[in-house]
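Subject: Model handover

Hello,

Here is the model we spoke about, followed by notes on what was found in it.

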Amino acid sequence: MLKKNYSWLLACGFWILVSNSLDYPAFSTNLTPNLSVVLERENVNSGARSLCSEQNLETLTTQLLQDLPSYTNRASQRARRLSRSSDVYSYMLVAGRPEFTPLPLNLEEYSTDAPKSTGSGVEQVFFTSLGRQYIGKKGVELQEFHWLLLTKTKSGWRLVMMFTQTGAYPKQQPLSPPRDSSYGAIAQGVKTWLRDCQGGSVR
């Protein structure tokens with residue numbers, strides 16, 4: 001008897017739900033996903049991913065350098081939260097002036113960690129950045145010159161290595177020797193931007 005009443009209650013509840021969805025179009029619409037909206041979003045994301053994987057290096061670099069200060073500064077902030085013992089904080093103000101004329105690749109001269117096969121399928125980008133470094137409460141402006149090495153894979157562009165030289169700005173002082181900056185905040189900003197670009201979140 002209880003089983004029969006339980007089945008009857010289920011049938012009534014289902015009938016009320018169906019009749020309400022027919023009487024109120026808005027309620028009915030909410031029950032069914034808007035397929036056109038879902039497809040449109042998928043097309044936009046796939047289009048952005050395709051753009052980042054297929055576009056040439058010059059176009060990619062132009063978009064990258066526009067966004068790089070914000071990506072680099074977020075990476076610097078994360079590093080500060082992880083290491084609270086350091087009193088030296090750096091911020092990137094602007095990045096630009098890209099150059100694409102390659103240099104002969106002999107990376108072992110600059111880093112013992114350079115991969116042996118780096119010369120194959122690697123593109124070179126040179127750009128400058130202006131930043132401000134705080135030592136305690138004192139701010140110093142620095143101009144940096146970056147040598148960025150990228151490779152194009154099936155899933156998009158990837159950072160191979162990065163080297164940086166630093167000099168004071170606007171004082172004309174000798175630049176520091178090239179250092180491997182592949183794990184610094186700027187390189188982390190480049191990696192994150194490339195990941196977001198491939199994921200379709202860069203516009």
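The 15 residues of helix 5 should span 21 Å at 1.5 Å a residue, and the end C-alpha atoms are 21 Å apart, which agrees; the expected span is 1.5 Å times one less than the number of residues. Helices (H or I, at least four residues) and strands (E, at least two) are DSSP runs numbered from the N terminus.

This is a predicted model, with pLDDT of at least 70 needed for local features and 80 or more for side-chain atom pairs, while totals for chains, interfaces and linings use all residues. Residues are numbered from 1 along each chain as its sequence is written, and side-chain values use heavy atoms, without hydrogens and water.

After helix 5 comes G200, with a positive phi near 90 degrees.

The largest pocket holds about 420 Å³ of space. A pocket here is an open set of points on a 1 Å grid over the protein atoms alone, where a 1.4 Å probe fits, with protein on both sides within 12 Å along at least five of seven lines; lining residues have an atom within 4 Å of a point. Of its 23 lining residues, S90, E144, R179, A185 and I186 lie nearest the centre. Strand 2 gives the most to this lining, five residues.

The second largest pocket has a volume of about 250 Å³. Its lining has 14 residues, with F126, F145, H146, W147 and Q165 closest to the centre.

Regards

How values were computed. Grid points are joined across faces, edges and corners, and a volume is the space filled by probe spheres set on the points.
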